[in-house]
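Today I opened the notebook to look up charged side-chain pairs. Here is the model I worked from.

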Amino acid sequence: METKRVLKPKPMGWRRAIRRYLGVNPIRSGIQAAFLMLILWIGVEFHDFLEFHRHASPEDVLAGDGPMRPPGVEGFLPISGLIGLKDWIIRGALNDVHPAAVVLLLLFVALSWMLRKSFCSWICPVGALSEYLWKLGRFLFGRTLSPWRWLDISLRSLKYLLMFFFLYAVLWSMDGASIRSFIESPYNRVADVKMYDFFARISAFAAKALLVLALLSVLIKNFWCRYLCPYGALLGLFSRLSPTAIRRDPASCIECGKCAVACPSGLPVDCSVVVRSAECTGCLDCITVCPVTPALQVRTSSLGQTHSIPAFAAAVVLVFLLGVGLARITGHWQNSVTAEEYRYRLKEIDSPLYTHPGGRVAHGASE
Ligand code: SF4
Ligand code: SF4
């Protein structure tokens with residue numbers, strides 16, 4: 001029986017590590033870094049908005065020159081997005097508390113259907129940080145750990161369990177009245193502040209949990225994305241329906257195994273004809289390392305079209321920009337929670353008896 005030669009990763013110096021990081025797919029590395037910068041900028045804008053309304057005098061507020069709230073923060077509210085989506089289906093109207101959360105959820109679902117789970121490897125800031133961490137681990141130790149197959153499959157099911165829990169809790173258990181009640185609840189109206197404070201005023205327990213996740217991400221490729229992220233699990237299901245997939249041409253493939261070694265999701269690309277796995281994030285690293293140009297391609301079967309890496313990258317960015325642009329033009333982006341309400345709710349949150357979602361008791365009263 002013919003055996004395939006599988007390339008094993010070798011220990012590397014820092015020059016080779018930098019070259020390898022930038023060299024594998026520099027277009028994706030650049031776009032991923034640009035989206036991470038965008039998220040950091042949104043975080044800084046939101047921080048300024050909250051600081052202004054936490055500390056500004058009534059005269060400053062009346063002058064009306066305070067910072068604006070960036071609606072993009074709602075990308076961090078997937079539960080509000082899911083609840084808002086059900087509300088939209090029931091009422092036929094998009095809620096005005098967190099409309100951008102619904103828009104972004106739908107946009108990323110559509111992107112996953114069109115271009116596989118490209119949100120995870122091109123746009124998501126958590127995906128970018130996960131990748132930086134395992135690449136750091138590979139640089140430090142020369143390799144990352146691969147759990148035994150039975151353990152890997154068992155752990156991968158965790159994210160689907162979490163996803164089904166959220167889908168059951170929202171789509172099945174909540175009726176129209178409880179959906180409306182949640183959307184208009186004081187908690188949800190400033191869920192963006194709660195999410196920000198979870199990280200900015202992080203509890204000791206949450207900080208330790210994040211540290212453990214970060215350490216595991218250094219040792220195991222994409223630990224969070226691969227095993228725990230319910231959002232990625234949901235997008236993966238839609239990506240299974242995608243007409244776009246990585247295709248290997250067995251006739252021109254020289255069976256070098258480089259694609260399988262490069263695949264961050266550990267997929268056996270070198271043994272597949274079409275990669276349909278929900279774990280494929282459309283990162284295109286496999287195509288980048290393939291030494292035989294026509295052997296591995298990304299193709300949309302419904303269009304009969306093969307895409308180059310720059311064309312795929314442009315499509316990911318274009319779909320994102322068109323989705324956000326359309327939401328802005330049609331008034332489905334900005335929320336209707338007023339600055340006065342934010343100031344009022346911030347006073348509540350900062351009062352001595354308030355309990356933060358992370359478990360830390362701040363300085364004040366409950367809702
Ligand atoms: S199969 Fe290719 S595109 Fe899909 S995750 Fe693996 S390396 Fe990325
Ligand atoms: S598809 Fe390309 S990288 Fe993968 S085994 Fe064949 S020749 Fe090697």
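I began with burial: I call a residue buried under 20% relative accessible area, exposed over 50% and partly exposed in between, using a 1.4 Å probe and protein chains only. The model is predicted, so I kept to its rules: local features need pLDDT of at least 70, side-chain atom pairs count only at pLDDT 80 or more, and totals for chains, interfaces and linings use all residues. Side-chain values use heavy atoms, with hydrogens and water left out, residues are numbered from 1 along each chain as its sequence is written, and chains are lettered from A and ligands numbered from 1 in the order in which they are written.

Entry one. I searched the whole structure for salt bridges (a side-chain nitrogen of Lys or Arg within 4 Å of a carboxyl oxygen of Asp or Glu) and found 19.

Entry two. I looked up arginine 28 and found it paired with glutamate 131, closest N and O atoms 2.9 Å apart. Arginine 28 sits in helix α2 (residues 26-55) and glutamate 131 in helix α7 (residues 125-141), so this bridge ties together parts 103 residues apart in sequence. I took the helices from DSSP runs (H or I, at least four residues), numbered from the N terminus. Both arginine 28 and glutamate 131 are buried.

Next I checked arginine 189, which meets glutamate 184 at 2.6 Å, N to O. Arginine 189 is buried at 11% relative accessible area, while glutamate 184 is partly exposed at 36%.

Arginine 201 bridges to aspartate 197 at 4.0 Å. I noted aspartate 197 as buried, at 1%, and arginine 201 as partly exposed, at 22%.

How values were computed
Helices (H or I, at least four residues) and strands (E, at least two) are DSSP runs, numbered from the N terminus.
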